[in-house]
Amino acid sequence: EVLSRLRRYHFESATRPCNMGRVVGNQPVIPVNVDKAHAQPFKDWHDEATVLEYVRPNRWMSLDLCSRQAIRCNWVVFSIASFVMWIITILTLTVRDPEDDTSILIKEFDVWKSWVAQNFDWFYVATQSVWIAFIAWLALSKYGNIRLGKDSDRPEHSNLAYFSMLFSAGIAVGVYYWGVSEPMYYYRGGRLFKPGFLNDDQRAQQAMTVLFFHWGVHAWVCYLVVAILLALVSYRWDMPMTIRSAFYPLIGNVTNGIIGDLLDSLSMVCTTLGVCTSLGFGASSVQWGMYRLDMAINGVSSIPPGSIDWQIGIIWVITICATASVLSGLSKGIKALSMITFAIGCFTLLSLVFLDNTWFLLNNYIQSCGHYIQWLTQLSFETDSWQMLSHEFMPDSGNKLWDSGTDRLLVPVQIARTRRSATPSSTSARTPPGGSSRGPSSTGAGGSRGRPSSGPSSPASRAAAPLRRCARTSSSRRACTRSCGCPSTAASASRWSASASLPST
């Protein structure tokens, strides 16, 4: 019944005229006539009539200045995204902690980042591997032959130009910033350092293997999933290149309402914050590079290390160059700037290879590729489960796990251990024949309380020690109760041991 209703809904949606503010006509939930879509010419997105097919007229803002187009946008999406980003910026700059003059919002972000990482690490790691399996299946199946565009389309740029633009716009700043600092961080025993390595060679190789993993296929698969979906709905189905269009096959015309506006606003906020993070890393890297070069040439640098003013100036220069390249278009500005930066990057890389220890670098690259291939499966599912378990045993470790803490795991384990040690049946069952005692809990002559012969004892074991000694040396439970006051029944033993003092964490 559910399937039949879904089929009927799709059929009715495909044949019913759309009256939601869009153009009147047949608006299918999923384009079923792909051949017809391929036969029609490309849509001109500079024409407002084409844009209004997918945007409600009451949400479209068009403003001209001196007979020239000045503003064209969905004012609802723009307003929501701008409001969120301005609120984050203002709170970050104004709300400060009086003790150390740091942003309270940044501290809260760190707390929530730890909460997400600790509780959803398994989900993130698993989905990354799922995306890789999905992309591999998509490429090897019959769907791998589908062109991300019309059947008659051909690539507009060369493979080198596309790779340069993808590399420069995607991971170039991250690679230059973390390419050296990340493996050095792991090698010196950073947070991702794993025990069990015997010498520096093994630690260094582990650092390179983790570096390859972080910048390998798992780093690219997120981009691939979104890019394939956007390219399919935009270039093959003639829809706007927005995040809401990616959800069109799933929820249909609902993307034209407030849900679609929220999706686009969220994507704008996340993209802007991500670009700002990369820009901040890049500005810091450029400033420290200029400082090191100035020190190497002149011996004294006029560039103060870590100067906020210098970093702000560098961000302004980078922003102006990036804005100019975007305004000049993809075929001119972005392509030209990407080719130039990629050429400079390749020159820098080759210079480092041939001016440094060439044979060692080449050997290490080939060896690290082998380690990466060998350990790819294990690293793909590594969640630090045992290392993360230590959060529940240490109260000051920043534990953010759901329904956990020292009172949820450590204390019950200690209580169970104390009860097991204090139960007469379990202790008397281990008593040798004749009532003699052995081991570190042996007592002196005459039934007096003796001290352990060797090894440290916890407060829980010391609390249960009188019951074990009396059970081994006394002839009757009544005499045991008179001599030291320890419990004489199993039930009272459990109550007594539960109220005993537990070892501190």
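These legends describe close-up views of a predicted model.

**View 1. A salt bridge between glutamate 48 and arginine 72.** The closest N and O atoms of glutamate 48 and arginine 72 are 2.7 Å apart, and the two residues form a salt bridge. Glutamate 48 has a relative accessible area of 24% and is partly exposed. Arginine 72 also counts as partly exposed, at 25% relative accessibility.

View 2. Strand E1 (residues 60–65) runs antiparallel to E2, and six bridges join the two. One of the residues in this pairing is serine 62, whose bridge partner in E2 is arginine 72. Arginine 72 is also the residue that forms a salt bridge with glutamate 48. Two residues lie between the strands of the hairpin, and cysteine 66 takes a positive phi near 60°.

**View 3. A salt bridge between aspartate 100 and lysine 107.** The side chains of aspartate 100 and lysine 107 meet in a salt bridge, with an N to O distance of 3.1 Å. Aspartate 100 is partly exposed, having a relative accessible area of 41%. Lysine 107, at 31% relative accessibility, counts as partly exposed.

View 4. Arginine 203 and aspartate 200 meet through their side chains in a salt bridge (2.1 Å, N to O). Both residues lie in helix H8 (residues 200–214), three residues apart, so about one helical turn separates them. Aspartate 200 counts as partly exposed, with 38% relative accessibility.

**View 5. A network of salt bridges.** Salt bridges link Arg59, Arg244, Asp261 and Asp264 in a network. Across the whole structure, a search finds nine salt bridges.

**View 6. The largest nonpolar core.** Met208, Leu211, Phe212, Phe213, Tyr372 and Leu379 make up the largest nonpolar core, which has six residues. H8 and helix H15 (358–380) are the elements that give two or more residues to this core. H8 gives the most, with four residues. Leaving aside residues up to four places away in sequence, tyrosine 372 touches Thr209, Phe212, Phe213, Gly216 and Val217. Another core, of five residues, lies apart from the largest one; among its residues are Val233, Trp237, Met239 and Tyr248.

Notes
Residues numbered from 1 in each chain as written. Predicted model: local features only at pLDDT ≥ 70, side-chain atom pairs only at ≥ 80, totals over all residues. Heavy atoms only, no water. Salt bridge = Lys/Arg side-chain N within 4 Å of Asp/Glu carboxyl O. Buried < 20%, exposed > 50% of the residue type's maximum accessible area, 1.4 Å probe, protein only. Pairing = 2+ DSSP bridges. Core = buried A, V, L, I, M, F, W, Y, C linked by side-chain atoms within 4.5 Å. Contact = heavy atoms within 4.5 Å.
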